[in-house]
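Here are a few exercises to work through with the model open in your viewer. Try each one before you read its solution.

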Amino acid sequence: MTILAVAAGFAADLAFGDPRWLPHPVVAMGRAITWAEGRLRGAFPQTSAGTRAAGLVLAVALPLACGLLTWGILHLCGMVHPGLRFVAEAWASYQILAACELRRQSLAVARAFSKGGLVAAREAVGLIVGRDTSVLDEQGVARAAVETVAENASDGVIAPLFYLMIGGAPLGMAYKAVNTLDSMVGYKNERYIDFGCASARLDDAVNWIPSRLSALLMIAVCPIVGLDARGAARIWRRDRRRHASPNAAQTESACAGALGLRLAGPAVYFGKLVEKPTIGDASREIEWGDIARATRLMLAASVCALVVFGAARAAVVLAVGAMA
């Protein structure tokens, strides 16, 4: 049932994305984080150790609460009717996945440039990246969009599929909570260097395996979408550790090699230039069409992940059943 529910949720995500009028669990998670942050900071000593302890409580409590709440809802639905439980799990899976929105918002950057020029493209890419986009030229905007697709192929789609297939919607929702925590408090700035430490480290831990699987899947599907599998594998082996995060460069390096591009490098955040190593080789200049190529790679790898992870779960279920 879980495999079919996840597949149904994946199909719904591809078809509908995230309509703005539809309530989303990530919004609720964000409000819970904001509410809990103020109270936890006030409940612990105003020291570095106290602030870290407060952040640790939040990093443990929110994913646990989200997972247990989802499990409880599914359990109640199952008591009413198995079909209702299936629908609930499919809906939760749909809400957890973000392939359609990642594709839609990244392609919107190229459309914005074609309609409104560089200023419009900067505004569009500013909705999906954290860096200062006002200083980006045309190539910088396109590169930022490609990097976002490459990195979020794991965080937004393949990693959630990985956890959904392991533990169903409860584990998938717990993963989404970890990811949301990192995006809100996992910064190395003055405000969150201590409070967000546990959230950032937990996010690194839960994404360690999925990010590497994501890169391998991207390499594997390159021939299907007409990209360079050999180049993707070569750059991945060489550059997958060229990032402060242990995971971010995994998919970025595979994507850079597949497209024959150089990604990453120095970027401006909150008015400050941050020096970062480059990933990939500049075999050619980046172009607007590379955003669409990156999204095709992401989607193909995501479908492959659904099939591979689903088959693995089915094999485990059959093996356990045979031993019972």
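**Exercise 1.** Work out how many helices and strands the chain has, and in which pattern they follow along the sequence.

*Solution.* Start with the DSSP runs, numbered from the N terminus: helices are H or I with at least four residues, strands are E with at least two. That comes to 10 helices and four strands. Now read along the sequence: α-α-α-α-α-α-α-α-α-β-β-β-β-α. Bear in mind that this is a predicted model, where local features need pLDDT of at least 70, side-chain atom pairs count only at pLDDT 80 or more, and totals for chains, interfaces and linings use all residues. Residues are numbered from 1 along each chain as its sequence is written, and side-chain values use heavy atoms, with hydrogens and water left out.

**Exercise 2.** Find what share of the 324 residues is buried.

*Solution.* Apply the cut-off: buried means under 20% relative accessible area (1.4 Å probe, protein chains only). The share is 48%.

**Exercise 3.** Describe the lining of the second largest pocket.

*Solution.* First, the term: on a 1 Å grid over the protein atoms alone, a pocket is an open set of points where a 1.4 Å probe fits, with protein on both sides within 12 Å along at least five of seven lines; lining residues have an atom within 4 Å of a point. The volume, meaning the space filled by probe spheres set on the points, is about 370 Å³. Of the 15 lining residues, P25, L69, T70, I73 and M173 are the closest to the centre. Next, the elements giving two or more residues: α2 (25-43), α3 (48-80) and α4 (82-96). Of these, α3 gives the most, six residues. Finally, sort by type: 13 are nonpolar (Ala, Val, Leu, Ile, Met, Phe, Trp, Tyr, Cys and Pro), none is charged (Asp, Glu, Lys and Arg) and two are polar (the others, Gly among them).

Technical notes. Buried means under 20% relative accessible area, exposed over 50%, partly exposed in between (1.4 Å probe, protein chains only).
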